[in-house]
Amino acid sequence: MSVCNRYWYESIGINAEKSEQCAKAIRKAKEYLNLTVIFSHLCVADMETLGAIEFTKYQISLFHSIARSIEALKLPYIHLLNSAGGLRQETGCGNLVRLGIILYGLKPDYSNVLLEGIEPILTWKSVVSMVKSVHPGESIGYGRTYRAKRVMQVATIPTGYADGYNRGLSNCGYVLIHGQKAPIVGRVCMDQFMIDVSEVENIQLGDEVILLGRDGMNQITADDMAQQLGTIGYEIVCCIGKRVPRVYM
């Protein structure tokens with residue numbers, strides 16, 4: 001077991017702080033491995049605090065030093081920049097940029113500003129499965145966490161946390177329908193949730209509902225939803241369940 005643990009530890013990377021030893025280890029590995037690439041990862045390049053900026057500069061300087069010291073190996077690929085690094089960093093070495101979340105039009109961090117023309121590629125849709133009137137004093141959903149203060153039109157959406165729609169959006173999230181924002185009322189259930197459509201005209205069964213995406217002038221991105229939930233856009237899109245049909249265009 002100790003050998004296995006040691007193997008996995010070493011496969012993740014080697015310590016770059018002692019650059020001479022690191023370069024020596026790479027040259028040694030080249031003797032018995034078909035070594036084609038060196039790379040590392042900028043772990044706080046998406047953050048704009050002074051400490052994060054300084055640490056990213058430090059990572060880049062270490063990597064650059066090692067890349068220079070093994071130039072004689074003529075490795076085909078050298079890369080360091082991830083999505084966040086690619087937005088604002090220069091390394092002075094390398095021949096690839098390793099884009100990730102930005103390829104999907106999402107931000108490495110909510111504070112980041114994407115380049116013009118980069119748009120989210122994902123739209124998550126559902127439909128209206130039921131519409132009914134709710135009267136003052138009546139409650140909606142599990143736990144009776146929402147009580148109507150007026151006559152309301154409430155629509156049921158057949159998507160829930162079993163599909164990856166976060167329960168944390170209960171009573172605070174919203175969707176888009178007919179180009180308008182409609183707030184979630186009550187708790188998000190396993191297979192459905194309810195929205196207030198009192199201000200949206202002509203709601204019919206089967207009407208399209210945008211959970212993530214654009215409808216008219218309004219848009220909900222995974223980054224927006226993540227900011228509301230106190231997480232990151234990565235988690236939002238990764239949690240969309242397997243029972244949600246995918247259509248690739």
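Y58 is partly exposed, with 34% of its relative accessible area open; partly exposed covers the range between buried, under 20%, and exposed, over 50%, using a 1.4 Å probe and protein chains only. F55 falls in that class too, at 36% relative accessibility. This is a predicted model, where local features need pLDDT of at least 70 and side-chain atom pairs count only at pLDDT 80 or more, while totals for chains, interfaces and linings use all residues. Residues are numbered from 1 along each chain as its sequence is written, and side-chain values use heavy atoms, without hydrogens and water.

Now for the rings. Rings of Phe, Tyr and Trp (its six-membered ring) pair if their centres lie within 6.5 Å; planes under 30 degrees apart count as stacked, over 60 as edge-to-face and the rest as tilted. That rule gives three aromatic pairs here. F55 and Y58 are a tilted pair, because their ring centres are 6.4 Å apart and their planes sit at 55 degrees. Both belong to helix 3 (residues 50-69), three residues apart, so about one helical turn separates them.

Y165 and F193 make a stacked pair, with 4.7 Å from centre to centre and 5 degrees between the planes. Y165 sits in the loop between strand 7 (152-157) and strand 8 (174-177), and F193 is in strand 10 (residues 193-196), so this pair ties together parts 28 residues apart in sequence. Helices (H or I, at least four residues) and strands (E, at least two) are DSSP runs, numbered from the N terminus. Y165 is buried, at 1% relative accessible area, and F193 is buried as well, at 0%. Ring pairs link W124, Y165 and F193 into a cluster.

The structure holds one cavity of 30 Å³ or more. The largest cavity has a volume of about 70 Å³, and its lining includes Y104, P120 and V237.

The second largest pocket holds about 830 Å³ of space; a volume is the space filled by probe spheres set on the grid points, which are joined across faces, edges and corners. Its lining has 21 residues, with I121, L122, T123, R246 and V247 nearest the centre.

Note on methods. On a 1 Å grid over the protein atoms alone, a cavity is a set of points where a 1.4 Å probe fits but cannot get out, and a pocket is an open set with protein on both sides within 12 Å along at least five of seven lines; lining residues have an atom within 4 Å of a point.
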